[in-house]
Amino acid sequence: MRLIQFETDDRSRAVGIVDGDTIRRVSSVATMRELALKAIANGRTLAAEVEAAGTEETYDYGTLLEEMRVLVPLDHEDPAHCLIAGTGLTHMGSAAARDQMNQKVQEGGEQSLTDSMRMFKWGMEGGRPEGGEPGVQPEWFYKGDGSIVVRPGASYPVPAFAEDEGEEPEVVGLYVVGPDGKPYRLGFAIGNEATDHVMEKKNYLYLPHAKLRHCSYGPELRVGDLPRHIEGTVRIRRNGDVLWEKSFPTGEDNMCHSLANLEFHHFKYEQHLRPGDVHVQFMGTSVASFADGIKTEDGDVFEISIPDFGRPLVNGTVRTPVPYAMSSMAVL
């Protein structure tokens, strides 16, 4: 089952089931979060709750996308209660990267590795634990709250001070914390975890700055487990033409951390278990145009597609002024 959030003809919010080119509106709920909390209260799965609710009128999916009435598939009415975060160094990466790491270990031991390669090595060795015990911690970063999220089809703002705005095609886990303080996974979506790679490359300690950028995910929520192997494609279009294109593998068969390990190390923190909150977790990528020497420009359009996840995620970019100027602090 695949679900979306969208705006009706009068711009009220609704949840819909994807049925080919048709969206069937789910009865009695206005948001995905509301649907999830009902499912938790009723002791049902999300799919079972949808079946119990039934459907009402139908909409043309293409029209909703064209009119940008499709929302991200999970959010919170108060953006401060939606946490956007991510994990890095989670995918096997290229054979060249592994060979380089192994060569350095053979030549000079683990101390010869960079911090990033050392953490990647730890993930390869201990990121997929067995027996229900936690494995090694992944790299983790805070990206922002719900205010940095743009809907599918919209352009995300690139601040004037940004040195780059590159794409990162990823799978996103979508979660709601129940009234019992436990996290519940609704499913997964396509995500674009945009990053300032130029800033990050200057020094890895700039990573937290580089990640504070707008992002998008969706348009669809894929209910159920994550397939172990997924093949997706990411494209950059400039003036309508494909500038760069690459396939990317994801899913646990292509990752050095298990999904359970990534989820444990996110939700082990008590502040991440506030009832009613929404969590959006980017699971890491294995490709990026920046690594192939691509310099993005204002107006470039990113398109990320994964056949199992329905329609592609498409977003543009637009430069925006910085809202706060140097020496403009108001003093009380």
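The model is predicted, with local features needing pLDDT of at least 70 and side-chain atom pairs counting only at pLDDT 80 or more, while totals for chains, interfaces and linings use all residues. Residues are numbered from 1 along each chain as its sequence is written, and side-chain values use heavy atoms, leaving out hydrogens and water.

Helix α2 itself covers residues 46-53, where L46, E49 and V50 are buried (under 20% relative accessible area with a 1.4 Å probe, protein chains only). Viewed down the axis of α2, these buried residues fall within an arc of 100°, so they line one face of the helix; the arc is that of the directions from the helix axis to the C-beta atoms. Their cover includes the strands β1 (2-7), β2 (13-19), β3 (22-26), β10 (183-192) and β12 (221-223), along with helix α1 (32-42); contact here means heavy atoms within 4.5 Å.

## The whole chain

Stepping back, the chain has 8 helices and 17 strands, taken as DSSP runs (H or I, at least four residues, for helices; E, at least two, for strands) numbered from the N terminus. Its C-alpha trace spans about 65 × 50 × 50 Å along the principal axes.

Buried residues make up 49% of the 332 residues. Of the contacts between residues at least 6 apart in sequence, 74% join residues at least 24 apart.

How values were computed. Buried means under 20% relative accessible area, exposed over 50%, partly exposed in between (1.4 Å probe, protein chains only).
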